[in-house]
Amino acid sequence: MSFKYPLATSSWDDAEYAALDRVIESDMFSMGPEVRAYETEFADLFGSKFAVMVNSGSSANLLMTAALFFTRNPALKLNRGEEVIVPAVSWSTTYYPLSQYGLRLKFVDIDRETLNYDLAALEAAITDRTRALMVVNLLGNPNDFARLKALTEPRGIVMIEDNCESMGATFENRQAGTFGVMGSYSSFFSHHISTMEGGMVVTDDEELYHVMLSLRAHGWTRNLPKFNHVTGEKSDDPFEESFRFVLPGYNLRPLEMSGALGREQIRKLPALIEGRRANGAMVQDMLNDHPRFMIQREIGESSWFGFSLVLREDHAGQRAQMVRDLGEKGFECRPIVAGNFAKNEVMQHIDHEIHGTLSNADYIDANGLFVGNHHYPLPEAIRELASL
């Protein structure tokens, strides 16, 4: 089924196809120089010291979590059974790696307007048992990191960011994804840039960087520098180091084609974000006081992944009709990420608790949806939304 206003469209042109041809001509398809160059260029663009590319944003979250279990830094190291606070609305693979490593998840409600943490609920949820905070910047909207840092830093709480939906968002002129000790990004097709499949982790911590280099590829030493924080000094014998395994890692390596695509896409990123923000400004101007639904309230500078539409209370319970109305106008739409994730059947397999109530997450779950944003102007689509 095709839509007049789809959730996602391509931002590729001849540059991306030339990048694919470049890799084909090189005859080097597995992770190599294109991936390394993309990591360097990505880190420079986002103001981080290090970047590690993986095969998806979900893998990026897994790599971040794993790194915190194998660091030797006691200020960062996590252990099974410790508590991590998570927002009630996010994607499944925000939560799964944390659970798979044995952490106990404490779900906290979101703010109905920003769709990020309800900061009062978050502050009340933090106790002496809280060891880590997973921050999710939802639908392009950065969190209030000034408040989050004030809540976490005095207690030594480790903060990591799932920024898979918010590449290019900024808070106080700093890129979302760089506030925590690590931050993840996605370049799946429907996101701000596309390598079709792909993800990235950024960090300023050299030890975490080295741990992730090993964990990404089988837990071996082959991709570590000669002097590193995992083994100390490697030998100069490539034969001896070829199958030397030091950490229980994975195979999360990206394809060389994905690295080449990423290099072309991040060159376009400033213009892609500028286009999305122009549409966001028009949505704010035309839909802010819409009688039927609320739009997302921006924190910092959103990169506007999509546009959330949450029915106002006097229209609550009428989402099915809203979906039909959008469909008739040609809009593709989805629930807001996974809604209240804590209601899913999979929770029987996840060690967790719920702080207070998740009333806003429940409301979003029943009365919210989102439509797509793109890098090109959408005046006609936004006027159609205003007419609903």
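Buried area is the accessible area (1.4 Å probe) that two parts lose on being put together, summed over both.

**Ground rules**

I am working on a predicted model, where local features need pLDDT of at least 70, side-chain atom pairs count only at pLDDT 80 or more, and totals for chains, interfaces and linings use all residues. Residues are numbered from 1 along each chain as its sequence is written, and side-chain values use heavy atoms, with hydrogens and water left out.

**Entry 1: the two domains**

I looked up the domain assignment and found domain 1 (14-264) and domain 2 (269-386); such bounds come from an automatic or database domain assignment. Their C-alpha centres lie 25 Å apart. The contact (heavy atoms within 4.5 Å) takes 47 residues from domain 1 and 44 residues from domain 2.

How much area is buried between domain 1 and domain 2? I noted about 3900 Å², with carbon and sulfur atoms giving 58% of it. On the domain 1 side, Phe107, Arg112 and Leu139 supply 21% of the area buried against domain 2, more than any other three residues.

**Entry 2: salt bridges**

My rule here is a side-chain nitrogen of Lys or Arg within 4 Å of a carboxyl oxygen of Asp or Glu. The count comes to 24 salt bridges. I then looked at Lys4, which forms a salt bridge with Glu380, their closest N and O atoms being 2.9 Å apart. Lys4 lies in the segment before helix H1 (14-26) and Glu380 in helix H12 (residues 379-386), so this pair ties together parts that are 376 residues apart in sequence. Between domain 1 and domain 2, I counted four salt bridges. I also logged Glu113 and Arg297, whose side chains meet in a salt bridge (2.9 Å, N to O).

**Entry 3: the largest pocket**

On a 1 Å grid over the protein atoms alone, a cavity is a set of points where a 1.4 Å probe fits but cannot get out, while a pocket is an open set with protein on both sides within 12 Å along at least five of seven lines; lining residues have an atom within 4 Å of a point. A volume is the space filled by probe spheres set on the points, which are joined across faces, edges and corners.

The largest pocket has a volume of about 650 Å³. Of its 31 lining residues, Trp91, Glu165, Ser190, His191 and Phe305 lie nearest the centre. Helix H3 (57-70), helix H4 (92-100) and strand E16 (368-372) each supply at least two lining residues, and H3 gives the most, with three.

Why does the largest pocket lie between the domains? Domain 1 and domain 2 both give residues to its lining, so it lies between them.

**Entry 4: the second largest pocket**

I put its volume at about 210 Å³. Of the 17 residues that line the second largest pocket, Lys149, Met159, Phe179, Gly180 and Val181 are the closest to its centre. Helix H6 (145-152), strand E5 (158-162) and strand E9 (199-203) each supply at least two residues of this lining.

**Entry 5: the cavity**

My search of the whole structure finds one cavity of 30 Å³ or more. About 100 Å³ of space lies in the largest cavity. Among its 15 lining residues, the closest to the centre are Thr9, Ser11, His191, His192 and Arg276. Both domains give residues to the lining of the largest cavity, so it lies between them.

Terms used: Helices (H or I, at least four residues) and strands (E, at least two) are DSSP runs, numbered from the N terminus.
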